[in-house]
Each structure stands twice: as C-alpha cells, then as structure tokens.
Amino acid sequence: MALIEEFQRVPSDAQKVHGPVTCGYRAFTIDGRRILQLDTYGSTDRAIPNKISQSVQLDAAGARALIDIITEAFPDVVH
C-alpha cells in the first residue's frame with residue numbers, strides 16, 4: 001500500500017492497454033485527515049480470486065493533484 005504524496009510526469013514509449021480489473025474504493029478519516037483508498041483486484045484467472053492486488057491512498061492534496069491531471073488528460077470529461 002502506498003500514500004501518494006507526489007505525481008510526476010514520466011516519459012515512456014510503452015503504449016499498451018492492460019487487462020480490465022475491478023477497483024474498490026473507500027474513504028475514511030484518520031487523525032482528522034481524510035483518505036481515499038483505491039484497491040485493485042487481480043484478474044479473474046489469478047490463483048486467489050478477489051485478492052487485492054494493489055492499494056493506493058490519496059489525501060486532499062493528492063486528490064487535487066489527480067483532478068488536475070485528469071482534467072489535462074481528458075478535457076472533455078471534467079465539467
């Protein structure tokens with residue numbers, strides 16, 4: 001699990017769409033700090049079905065940064 005504190009644009013020649021998975025989410029407060037946690041679950045062909053594969057967390061600052069990134073990447077989606 002990781003709390004994302006910074007986003008950084010990185011160059012890459014790899015342009016591949018990964019297989020689809022489910023992402024669960026939950027929000028909670030710890031010591032007055034609101035956290036959004038995203039959990040991805042492995043593909044259906046994994047040895048342990050419904051096992052969390054990765055988890056990332058965002059606080060308010062991380063959420064704002066991600067909103068800016070999404071707005072830049074998908075200008076027609078955000079209104």
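Which residues form a nonpolar patch on the surface? Ile70, Phe74 and Val77 do, with about 280 Å² of accessible area together.

## Basis

This is a predicted model: local features need pLDDT of at least 70, side-chain atom pairs count only at pLDDT 80 or more, and totals for chains, interfaces and linings use all residues. Residues are numbered from 1 along each chain as its sequence is written, and side-chain values use heavy atoms, with hydrogens and water left out.

## Surface patch

Patch members have over 30% relative accessible area and no salt bridge; like charges are joined within 9 Å, nonpolar side chains (Val, Leu, Ile, Met, Phe, Trp, Tyr) within 5 Å. Areas come from the Shrake-Rupley method with a 1.4 Å probe; for residues, only the protein chains shown count as cover.

Val77 lies in the segment after α1 (60-73). Val77 is exposed, at 55% relative accessible area. (Exposed is over 50%, buried under 20%, partly exposed in between; 1.4 Å probe, protein chains only.)

## Sheet

Four strands make an open sheet, ordered β1-β4-β3-β2, with mixed pairing. β1 (2-3) and β2 are the edge strands, each with a single partner, so one side of each has no neighbour in the sheet. Helices (H or I, at least four residues) and strands (E, at least two) are DSSP runs, numbered from the N terminus. Two strands pair if DSSP finds at least two bridges between them.

β2 (residues 23-30) and β3 (residues 33-41) are antiparallel, over eight bridges. Tyr25 stands opposite Leu38 in β3. Two residues separate the strands of this hairpin, where Asp31 takes a positive phi near 50 degrees. β3 also runs antiparallel to β4 (residues 52-58), through six bridges. Here Leu36 faces Leu58 in β4.

## Asp39

Asp39 sits in strand β3. Its bridge partner is Gly24. Is Asp39 buried or exposed? Asp39 is buried, with a relative accessible area of 2%.

The Asp39 side chain makes a polar contact with the Ser55 side chain at 2.5 Å. (A polar contact is a pair of N or O atoms within 3.5 Å; within protein, one must be able to donate a hydrogen and the other to accept it, and residues adjacent in sequence count only if both atoms are side-chain atoms.) Leaving aside residues up to four places away in sequence, Asp39 touches Thr22, Cys23, Gly24, Arg26, Ile52, Gln54 and Ser55. Contact means heavy atoms within 4.5 Å.

How values were computed: Salt bridge = Lys/Arg side-chain N within 4 Å of Asp/Glu carboxyl O.
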